[in-house]
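Here is a short briefing to read alongside the coordinates. Have the viewer open and follow along.

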Amino acid sequence: MSLNKVMLIGNVGKDPDIRYIDSGVCTAQIALATSTPGYTLPNGTNVPERTEWHNICLWRRLAEVAERYVHKGDKLYIEGELRYRSYTDKKGLTHKVAEIWATNMEMLTPRSQSTTPSQQSTPATPFPPTSSNAETGKSSSDGAPSKCPF
């Protein structure tokens, strides 16, 4: 038995990048920031706050909700699985990217602080395991692409 589960609470760094692929399937990519507070060591050394940026991939209904309601600065709870992919840039360099494929999203910013009304919770079905289609970007048999298309 194994487990691949990620749970994050953080702030959206910019408005979601929304794209429609194939036959109108909505996708979204969100940059989510999480922070570890700074502290002082017993010897007086100050350790600064550390911020990590996470690439979040949303599909179908979750992406549609993000398109309508998620904006820069909003606080989100994201639940999903960690996936890695590689790509080669125009210069021939290979890069490895970590992504969170979201299966659940909850909007934590109160409606009074958001620019538009928000939906509290939007569950989604889990994505299929990555297959050999990951290199080509083709969809698996159930229609979910095997890699984040951006």
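Which residue takes a positive phi in the hairpin of S2 and S3? In this predicted model, that residue is Asp22, with phi near 45 degrees, and the hairpin has three residues between its strands.

**Strand S3 and its partners**
- Strand S3 covers residues 25-36, and nine of its 12 residues are buried, so the rest of the structure largely encloses it.
- Strand S1 (residues 6-12) pairs with S3 in the antiparallel sense over two bridges, and Asn11 has Ala33 as its bridge partner in S3.
- Strand S2 (residues 17-21) also runs antiparallel to S3, joined to it by five bridges; here Asp17 is partnered with Gln29.
- Strand S6 (residues 50-59) and S3 form an antiparallel pairing with 10 bridges, where Thr36 stands opposite Arg50 of S6.

**The aromatic pair**
- You will find one aromatic pair in the structure.
- The pair is made by Trp59 and Trp101, whose ring centres are 5.9 Å apart; their planes are at 35 degrees, so the pair counts as tilted.
- Because Trp59 lies in strand S6 and Trp101 in strand S8 (residues 94-107), the pair ties together parts 42 residues apart in sequence.
- Trp59 is buried, with a relative accessible area of 3%, and Trp101 is buried too, at 1%.

**Charges over rings**
- Arg83 lies over the face of Trp101, 4.0 Å from the ring centre.
- Lys96 sits over the face of Tyr84, at 5.1 Å from the ring centre.

Technical notes:
Residues numbered from 1 in each chain as written. Predicted model: local features only at pLDDT ≥ 70, side-chain atom pairs only at ≥ 80, totals over all residues. Heavy atoms only, no water. Buried < 20%, exposed > 50% of the residue type's maximum accessible area, 1.4 Å probe, protein only. Helix = DSSP H or I, 4+ residues; strand = E, 2+ residues; numbered from the N terminus. Pairing = 2+ DSSP bridges. Phe/Tyr/Trp six-rings, centres within 6.5 Å; stacked < 30°, edge-to-face > 60°. Lys NZ or Arg CZ within 6 Å of the ring centre and 35° of its normal.
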